[in-house]
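Work through the exercises below with the sequence and the model side by side. Each task is followed by a solution in steps.

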Amino acid sequence: MECFGSRSSLFLLLFFGVFVGANSLAYDVHWLGGPTSIDRDIPSAKQTIDIYCYSGTDKNLLSLWQTVKFHIKQKTDEFSQYIGENPEDVYNQYTEDSYGWAVVSPFQRKSYKTVSIDLFTPTCMAVNTKQKHSIELQIQRVDLWRVLCMAAGIVLIFSSRALSGNPLFFYLCGITVGVSASFMVIVYYVSKLLPRKTLTYGLLIGGWTVGVYVFQRVWENVRTIALSYQAYTFWYVVVAALASFAVCYRVGPPRDRRSKNLVMWTLQVVGVLLIFFSSQYQEASAAVSIIALIAKYFPKSLWYRIQGYWRRRFPPATRLLTSEQYYEQGARETQRALAELRRHCASPDCAQWRVMLRLSDAKRFASFVEGDSHLSDDEVLDYESYAFSTNSSATKPERVDISDDDDDSDDSDQS
């Protein structure tokens, strides 16, 4: 009996130990609220995993162009990455990947050293590696690429009508589309070499996952080929661009109004998409898109009415000129008007001989057109004499009769 009691107590202790161990957290959570860098040495034989979480931020206009990233600093790419909405999700991914009998899927997500995360929702990440590394939370208050993307969208919306008829823009877009489409031609001819039945059965069994995986693999191979054979890639792009230019030159820019409208509407749709995806605060970016479209199609007549009402309701303050400003403005406007008159008289629109027949001094008119002064020496002298006499009379002091004052002073002395 005593032996049975000792065995039962040992069994209970083991049961409670396993139960407590199963309910205890097997991971350490590090909540990061701002720009932070955490260094990690070569992991020891501990049983826990470090999970790094970003708590998210509130939606406000200051976060319109903000970007948050997890960055992993490591010499090699030999690591596994797990991302989820909470620590439990990340830990479940880690445990499933750590099982010895887990099936390695070719469609699993690739690990990247820099990962952009959602700005407004909590995001957690864990790294499984056997090398020294560091985890950084990078917060860009103003992401320049987001600002440029939104500015490009606004410019496209407001300049869509002008760009729809611009030949230079037409050729640039034609060359870009031609070079991009040439890669699709290569993909088409490569697909001819693949067995159709096998590819069709694979897509039917795997669904869109197989298609996405194949597209990712093809894109990675294309990037590798482009970087490995840069010279061939360069000449291929040059030849495709010249061929696209030749086709655009043969077709010519759109001339009818409907074709220009289609180009204009396409540019506006592209501008709206650029604005919408330029920020993670999509409510604010959608509002910017709507405001830009309203400002683009706002009736000018109604805008002029509002502007006129505003000026009548709040008239601008009248600013008076000083005498020096008045003189400078008069001289400047006179010289500008004389220059315009000379250009008109020298242009083919002016009948010089007919004008000279009506003038009493045709020689003076000809010298004025050639650049001489429009005033003669006598006129300048008369004007200066008149101006001098006017200034003298204005500054001349008033005469004061002091005889009466002297008489009054003498009478006061006698009294």
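**Exercise 1. The chain as a whole**

What percentage of the 415 residues of the protein chain count as buried? Describe the secondary structure and the contacts as well.

Solution. The model is a predicted one.
- Step 1: 21% of the 415 residues count as buried.
- Step 2: The secondary structure of the chain comes to 16 helices and eight strands.
- Step 3: Take the contacts in the chain with a separation of 6 or more; residues 24 or more positions apart account for 77% of them.

**Exercise 2. The nonpolar cores**

Which residues of the largest nonpolar core touch the most other members? Find the elements that contribute to this core, then look for another core.

Solution. 
- Step 1: The largest nonpolar core has 24 residues, and those touching the most other members are Tyr54, Val68, Phe70, Ile117, Ile135 and Leu137.
- Step 2: Two or more residues of this core come from each of strand 3 (49–54), strand 4 (67–73), strand 6 (114–117), strand 7 (123–128), strand 8 (133–140), helix 3 (144–158) and helix 10 (282–297).
- Step 3: Another core lies apart from this one; it has eight residues, including Tyr27, Ile49, Val90 and Cys124.
- Step 4: Return to Leu137. Residues up to four places away in sequence aside, Leu137 touches Leu32, Gly34, Pro35, Thr36, Tyr54, Val68, Lys69, Phe70 and Ile117.

**Exercise 3. The cysteines**

Which residues does the disulfide join?

Solution. 
- Step 1: The structure holds one disulfide. It joins Cys53 to Cys124, with an S to S distance of 2.1 Å.
- Step 2: Cys53 belongs to strand 3 and Cys124 to strand 7, so the bond ties together parts that are 71 residues apart in sequence.
- Step 3: The torsion about the S-S bond of Cys53 and Cys124 is about 110°, and the disulfide is therefore right-handed. Both Cys53 and Cys124 are buried.
- Step 4: For Cys345, the closest cysteine sulfur is that of Cys350, at 4.7 Å, which is too far for a bond. Cys345 counts as buried because its relative accessibility is 7%, whereas Cys149, at 21%, counts as partly exposed.

**Exercise 4. Two helix pairs**

At what angle do helix 12 and helix 14 pack?

Solution. 
- Step 1: Helix 12 (residues 323–346) and helix 14 (residues 362–369) pack at about 110°, and their axes are 9 Å apart. The two helices are therefore roughly perpendicular to each other.
- Step 2: On the helix 12 side the contact involves Leu338, Leu341, Arg342, Cys345 and Ala346, which meet Phe365, Phe368 and Val369 in helix 14. These residues divide into seven nonpolar, no polar and one charged.
- Step 3: Helix 9 (residues 257–276) and helix 10 pack at about 150°, with axes 8 Å apart. Helix 9 is therefore roughly antiparallel to helix 10.
- Step 4: Residues of helix 9 in this contact include Met264, Trp265 and Phe276, and those of helix 10 include Leu293 and Tyr297. The contact divides into nine nonpolar, four polar and one charged.

Conventions
Residues numbered from 1 in each chain as written. Predicted model: local features only at pLDDT ≥ 70, side-chain atom pairs only at ≥ 80, totals over all residues. Heavy atoms only, no water. Core = buried A, V, L, I, M, F, W, Y, C linked by side-chain atoms within 4.5 Å. Buried < 20%, exposed > 50% of the residue type's maximum accessible area, 1.4 Å probe, protein only. Helix = DSSP H or I, 4+ residues; strand = E, 2+ residues; numbered from the N terminus. Contact = heavy atoms within 4.5 Å. Axes fitted to C-alpha atoms, helices over the stretch in contact; angles between N-to-C directions. Parallel < 35°, antiparallel > 145°, perpendicular 65-115°, else oblique. Nonpolar A, V, L, I, M, F, W, Y, C, P; charged D, E, K, R; others polar. Disulfide = S-S within 2.5 Å.
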